[in-house]
Amino acid sequence: MIHYQLCCDVDHEFDGWFKDSDNFERQAARKLIGCPVCASTKIRRALMAPGIRKKGAAAVVEAEPAAPAPQVPQISSRRSGGVMPDQVRSALLKLRAEVEKNCDYVGPDFAEEARRIHNGEAQPRGIYGESTEADAEALADDGIEIAQIPWLPRADS
Ligand SMILES: [Zn+2]
């Protein structure tokens, strides 16, 4: 069975079921199909209105504003402010003692001396001293490894 949307000559629309399209054509030609409203036998297939998308029907989905990145707490030993476990404190004091014992103190010339050692212009040795953040970054950029350690005052000072 096939379904046709039909209409008569005055545009009454109605449904018709037929065995096949030939069956419909024959019945229509023989005026066997009557409009249920006005009994007209001048029947034709209604044009099936295609689905028409209304203009502007396309949904515009506003992008959700990106969620703010989760705040990662900044951890810095310099800003940890006085609260330092004794274990850490003693380890750092031990480290300081080791450094003082095995390395040359070069003071504020640290960056310059580290660079000289790196370039083979000074005797390779461990050194320690003061450097600024900028110095440390410049050294790192040049592939010179340095360690920045919290420098605790001696326990006996
Ligand atoms: Zn009719």
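1. Strands β1 and β2 run antiparallel and are joined by six bridges. Strands here are DSSP E runs of at least two residues, helices are H or I runs of at least four, and both are numbered from the N terminus. Two strands are taken as paired if DSSP finds at least two bridges between them. Within this pair, Gln5 has Asp15 of β2 as its bridge partner, and Leu6 stands opposite Phe14 in β2.

2. The model under review is predicted: local features require pLDDT of at least 70, and side-chain atom pairs are counted only at pLDDT 80 or more, whereas totals for chains, interfaces and linings use all residues. Residue numbers start from 1 along each chain as its sequence is written.

3. Strand β1 (residues 2-7) is also joined to β3, by two bridges, and these strands run antiparallel. Leu6 stands opposite Arg45 in β3, while the bridge partner of Cys7 in β3 is Arg44.

4. Burial is counted from C-beta atoms placed from the backbone: a residue is buried if 20 or more other C-beta atoms lie within 10 Å of its own, exposed if 12 or fewer do, and partly exposed in between. Across the protein, 8% of the 157 residues count as buried.

5. The hairpin of β1 and β2 has five residues between the strands, and Asp11 there takes a positive phi near 65 degrees. Most residues other than glycine have a negative phi. Asp11 belongs to the loop between β1 and β2, and it is exposed because 10 other C-beta atoms lie within 10 Å.

6. Val10 is placed in the loop between β1 and β2. It counts as exposed because it has 10 C-beta neighbours inside 10 Å. Two residues are in contact if their C-beta atoms, placed from the backbone, lie within 7 Å. Leaving aside neighbours within four places in sequence, Val10 is in contact with Cys38 and Ser40. The C-alpha atoms of Val10 and Lys42 are 9.0 Å apart, although these residues are separated by 32 residues in sequence.

7. A positive phi is also found at Ala39, where the value is near 65 degrees in a residue other than glycine. Ala39 lies in the loop between α1 (21-29) and β3. With 9 other C-beta atoms within 10 Å, Ala39 is exposed.

8. Which residues make up the largest nonpolar core? The term denotes a set of buried Ala, Val, Leu, Ile, Met, Phe, Trp, Tyr and Cys residues joined through C-beta atoms within 7 Å. The largest such core has six residues, namely Val106, Phe110, Ala111, Ala114, Ile127 and Tyr128. Helix α3 (110-118) and strand β5 (127-129) each supply at least two residues of this core, and the largest share, three residues, comes from α3. Val106, a member of the core, touches Glu113, Ile127 and Gly129 when residues up to four places away in sequence are not counted.

9. Helix α2 (residues 86-102) has 17 residues and should span 24 Å at 1.5 Å a residue; its end C-alpha atoms are 24 Å apart, which agrees. The expected span is defined as 1.5 Å times one less than the number of residues in the helix. Helix α2 is hardly covered, as the count of buried residues among its 17 is zero.

10. On the overall arrangement, the protein has four helices and five strands. From the N terminus on, the elements follow the order β-β-α-β-α-β-α-β-α. Among the contacts with a separation of 6 or more, 45% are between residues 24 or more positions apart.
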